[in-house]
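Here's a quick walk through the structure you have open. Keep the viewer handy and follow along.

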Amino acid sequence: MNAPSTAPSTLARLSMSLPAELSRKLDMMVEERELPSRSQLIAELIRHALARHESLTRPDEMLAGTITLVYRGDRGRVRHQLAQTQADYLTEVISSQHVFLEQDQSLEVLLVQGPAVRLKDLCDALRRVRGVHQLELVTTTALLPPLHADGAASDQAQRKGAAA
């Protein structure tokens, strides 16, 4: 006979009731995405909701994520204003990717990290640029490793090794 485990479990069980139609749609989504279980999908949805909640209720919380923009790209002024706005938030904008779409539109995705309030301010500033049609911020509470701290420490270690 096995002794009961005294190690704390990393999983918590919960039971929930859903309207039948919502449960059916959830199962369809699990199947269409070829996920191993409902639990995996529900955990993903909860993580997304928690990140969104923190971005709204904890302005100083550090978040990482993406800002996706669709804008009318036929005028250089729009691109210039977007670039200037990104430069104003240089600490928060890690990188960007741009592609041209059909009908003189452009798609740009920014990789961002910073306090929730700064990311919100950046989104608001980008939305004010005339010609921006769509903008969405998607965040996560998981962060990128510090980009400058690691590089500076590595550079200092190399200099010390070279001086020795």
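The buried residues of α2 are L41, A51, E54 and S55. Looking down the axis, these buried residues sit within an arc of 160°, so they line one face of the helix; the arc is taken from the directions between the helix axis and the C-beta atoms.

What covers the buried residues of α2? The cover includes α1 (20-32), β1, α4 and β4, with contact meaning heavy atoms within 4.5 Å.

## About the model

This is a predicted model, in which local features need pLDDT of at least 70 and side-chain atom pairs count only at pLDDT 80 or more, while totals for chains, interfaces and linings use all residues. Residues are numbered from 1 along each chain as its sequence is written, and side-chain values use heavy atoms, leaving out hydrogens and water.

## The overall layout

The protein has 5 helices and 4 strands, and from the N terminus they run α-α-β-α-β-β-α-β-α. Helices (H or I, at least four residues) and strands (E, at least two) are DSSP runs, numbered from the N terminus.

Of the 164 residues, 24% are buried. Take the contacts between residues at least 6 apart in sequence: 67% of them join residues at least 24 apart.

## Helix α3 and its neighbours

Now for α3, residues 76-88: it has 13 residues and reaches 18 Å from first C-alpha to last, close to the 18 Å expected at 1.5 Å a residue. Its buried residues are V78, L82, T85 and Q86. They cover an arc of only 100° around the axis, which puts them on the same side of α3. These buried residues pack against β1 (62-72), β2 (93-100), β3 (105-115), α4 (116-127) and β4 (132-140).

β2 and β3 pair in the antiparallel sense over 7 bridges; strands count as paired if DSSP finds at least two bridges between them. V93 stands opposite V112 in β3. The hairpin has 4 residues between the strands, and Q103 takes a positive phi near 55° there.

Key:
The expected span of a helix is 1.5 Å times one less than its number of residues. Buried means under 20% relative accessible area, exposed over 50%, partly exposed in between (1.4 Å probe, protein chains only).
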